[in-house]
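Here is a structure to be read by its labels.

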Amino acid sequence: MEAKRTAIMNFTPKDLAALLEDWGEPTYRAQQIFEWVYQKRADSFETMTNLPQDLRKKLAQEFVVNSLHVVETVSSSDGSRKFLIALADGMSVETVAIPHRDRLTVCVSSQVGCPVGCPFCATGQAGFKRNLEPSEIVGQVWLVAKQLDRRVDNLVFMGMGEPLLNYDNLCQALLTLNAPWGMGIGARRITISTVGVPPVILKLAEDWPELRLAVSLQSPFPEVRDYLVPLNRVYSLRSLLDALKIYITRVRHRVTIEYTLWEGVNDRIKDAYELVKLLRGLNVFVNLIPGNRVDGLPFLPPSPARVKKFYNILKENGMEVSIRLSRGQDIEAACGNLYRIHGLERGL
Ligand code: SF4
């Protein structure tokens, strides 16, 4: 049986330089190797022609550049593309490329499945399998850049999983995604979307103050939020808002509040007024997102008139708010839908 090779995307130049030194190689080779991996998007050591042949061979025995591969791609008429990506152990995740004018945003997964289990979400309903390794988070972005042959400008962690429940691996991946020797994506162009893990939100303010944060609120009423976001039973709405207040004071920039509207569940007039009350005085921007229907689940998006009414109440009460229409409506837009429909069918 072939020995398991290490993912080179789990390494920093410093780690790799130390290892190369042990091998008796000059440490500057680490920089050359990462230039091949991240700038030239080389997918094999064999192609790294400025490295000695012996070193290329040894690297290929010990390391793998990228162990992920695309098993299915679905393109939307609006230009976005959803990839079902297989991991080395046969599991799979979804990654979405969203071009907008001359910029490319990639929506990344942080876990296989999700332990939060929101009842309206395809990923949540498919259960939790495991955390992604740093190399598997970076690998998704790298693979999309390679497939589309263009650089990635923005990242959103809005794919499968709750990123703040995989915090250590997320931080290690962020180092590579952000570094000039890595994917070179500016911290302000990276958004972490979370349902809210208050102690980790406070850590994020210390570790990555420039990142952008989006919090899925889903309901201003604790008992409704307990149902829509089961993690609310562990971390209350009050503790989440307290953490957000501290976070905003520390990072000094606005937080996005994501609010997915479901007919009759959280789109009522009293929901809108309570939301205003809850968020008043906080430096936030509210994104209203009409939900994406998932086959077999009992949640329906509200009519455009109901969405507009909700929007108007927020607007008239001084909130900064917009209605976000999700891209890729014709390609199973809801997070985890492609995985649920195709990945699970294939046993991925
Ligand atoms: Fe997890 Fe987000 Fe889906 Fe909730 S909505 S189950 S947090 S992926």
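Predicted model: local features only at pLDDT ≥ 70, side-chain atom pairs only at ≥ 80, totals over all residues.

Q: What makes Cys-114 count as buried or exposed?
A: The threshold for buried is 20 or more other C-beta atoms within 10 Å. Cys-114 has 26 such atoms within 10 Å, so Cys-114 is buried. Cys-114 sits in the loop between strand 7 (111-113) and helix 4 (122-125).

Q: Which residues are in contact with Cys-114, leaving aside its neighbours within four places in sequence?
A: Thr-123, Gly-124, Phe-128, Met-160, Gly-161 and Glu-162 are in contact with Cys-114.

Q: Where does UniProt place the feature "binding site"?
A: The unreviewed UniProt entry places this feature at Cys-114, Cys-118 and Cys-121. In the model, Cys-114, Val-116, Cys-118, Cys-121 and Gly-124 come nearest to the ligand, out of twelve residues around the ligand. The shell divides into seven nonpolar residues, four polar and one charged.

Q: Which residues does UniProt list for "active site"?
A: Glu-94 and Cys-335 are listed in the unreviewed entry.

Q: How do you know whether Glu-94 is buried or exposed?
A: There are 27 other C-beta atoms within 10 Å of Glu-94. Buried requires 20 or more, so Glu-94 is buried. Glu-94 belongs to strand 5 (residues 92-100).

Q: How do you know what span helix 6 should have?
A: The expected span is 1.5 Å times one less than the number of residues. For the twelve residues of helix 6 (residues 167-178) this gives 16 Å, and the end C-alpha atoms are 16 Å apart, so the two agree.

Q: Which residues of helix 6 are buried?
A: They are Leu-170, Ala-173, Leu-174, Thr-176 and Leu-177. Viewed down the axis of helix 6, the buried residues fall within an arc of 165 degrees, so they line one face of the helix. These buried residues pack against helix 5 (134-148), strand 9 (154-157) and strand 10 (190-194).

Q: Which residues of helix 10 (residues 269-279) are buried?
A: Asp-271, Ala-272, Leu-275 and Leu-279 are buried in helix 10. Their arc around the axis is only 100 degrees, which means they are on the same side of helix 10. Strand 12 (255-261), strand 13 (284-290) and helix 11 (304-316) are among the elements covering the buried residues of helix 10.

Q: What does the face of helix 10 turned away from its buried side carry?
A: That face carries the exposed residues Ile-269, Lys-270 and Lys-277. Just after helix 10, Gly-281 has a positive phi of about 90 degrees.

Notes:
Residues numbered from 1 in each chain as written. Near = placed C-beta within 6 Å. Nonpolar A, V, L, I, M, F, W, Y, C, P; charged D, E, K, R; others polar. Helix = DSSP H or I, 4+ residues; strand = E, 2+ residues; numbered from the N terminus. Buried ≥ 20, exposed ≤ 12 C-beta atoms within 10 Å, placed from the backbone. Arc of directions from axis to C-beta. Contact = placed C-beta atoms within 7 Å. UniProt positions renumbered as here; feature names shortened; annotations may be inferred.
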